[in-house]
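Please open the model in your viewer and keep the selection tool at hand. The stops below say what to select next and what is found there.

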Amino acid sequence: IWATGGPSLIRHNGDKWERSHLDREMTTCVAVTPEGEIFIGTNAGLFVFRKDDWELIVIDKEDPEQYIECVVPLEDGSVWVGTRQGVFRLSKPSWTSYTRTSEVVNLFFDTLSACQDFPPLAMDTKGSLVRFDGKDWVPFLHLLDTKTSIRCFITPPREGRIWVLTPACVF
């Protein structure tokens, strides 16, 4: 069991809780792949736990220590990562950046939601729900007026449905 919150990252080894040390990073999210790889997002980049140590995974050579908002591993072995600079997909052995919609609209990268057999989803800055069509982010449902808060949480799809939670509404 892994747990995180602020600067703390702890795991239960079966007998007791142990603190996992990262020098300067604040943990923002933790995710486990179907193969058991443990990824953590921090304010200083993405790390994977290998050989009893944390290894920095560089997703963007120009900005290797990005603030990671969310990590979403899928059953096909790919890993989607939302940062403050964009959305990235690791399909071993390389990373691909998907940061803009077809209308050149910025995404809220911390709203990323993905699961197997369903296109990744996010909210854009115009208040529209967007999905990844394999090459680009495409708006498909306008939900919010941009005068209201468009920060939201998108649940992973279940039985073909999603929930979008905002400070003011549930869709």
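Begin by selecting Phe-49, which is buried at a relative accessible area of 16%, where buried means under 20% relative accessible area, exposed over 50% and partly exposed in between, with a 1.4 Å probe and protein chains only. Rings of Phe, Tyr and Trp (its six-membered ring) are paired here if their centres lie within 6.5 Å, and planes under 30 degrees apart count as stacked, over 60 as edge-to-face and the rest as tilted.

Before moving on, note that this is a predicted model, in which local features need pLDDT of at least 70 and side-chain atom pairs count only at pLDDT 80 or more, while totals for chains, interfaces and linings use all residues. Residues are numbered from 1 along each chain as its sequence is written, and side-chain values use heavy atoms, with hydrogens and water left out.

How many aromatic pairs does a search of the whole structure find? The search returns 2, and the one still to visit is Trp-80 with Phe-132, an edge-to-face pair at 5.2 Å centre to centre and 70 degrees between the planes. This pair links distant parts of the chain, since Trp-80 sits in strand β9 and Phe-132 in strand β14, 52 residues apart; strands (E, at least two residues) are DSSP runs, numbered from the N terminus. Both Trp-80 and Phe-132 are buried.

Strand β13 (residues 118-124) runs antiparallel to β14 and is joined to it by 3 bridges (strands pair if DSSP finds at least two bridges between them), with Met-123 opposite Leu-129. The two make a hairpin with 3 residues between them, and Gly-127 in the turn has a positive phi of about 90 degrees. On to strand β15 (residues 137-142), which is antiparallel to β14 and joined to it by 5 bridges; there Val-138 is the bridge partner of Arg-131. This hairpin has 4 residues between its strands, and Gly-134 in the turn shows a positive phi of about 105 degrees.

Now display the open sheet of 4 strands, ordered β4-β5-β6-β7 with antiparallel pairing. Its edge strands are β4 and β7 (53-57), each pairing on one side only. Between β4 and strand β5 (residues 38-42) there are 5 bridges, and Cys-29 has Gly-41 in β5 as its bridge partner.

Stay with Cys-29, which is buried at 12% relative accessible area, and select Cys-70, buried at 11%. The sulfur of Cys-70 is the nearest cysteine sulfur to that of Cys-29, at 6.4 Å, and Cys-29 is in no disulfide, a disulfide being a pair of cysteine sulfur atoms within 2.5 Å.

Finish at Gln-66, in the loop between β7 and β8. Is Gln-66 buried or exposed? Gln-66 is buried, with a relative accessible area of 1%. Neighbours within four places in sequence aside, Gln-66 is in contact (heavy atoms within 4.5 Å) with residues including Thr-42, Asp-60, Thr-83 and Phe-88.
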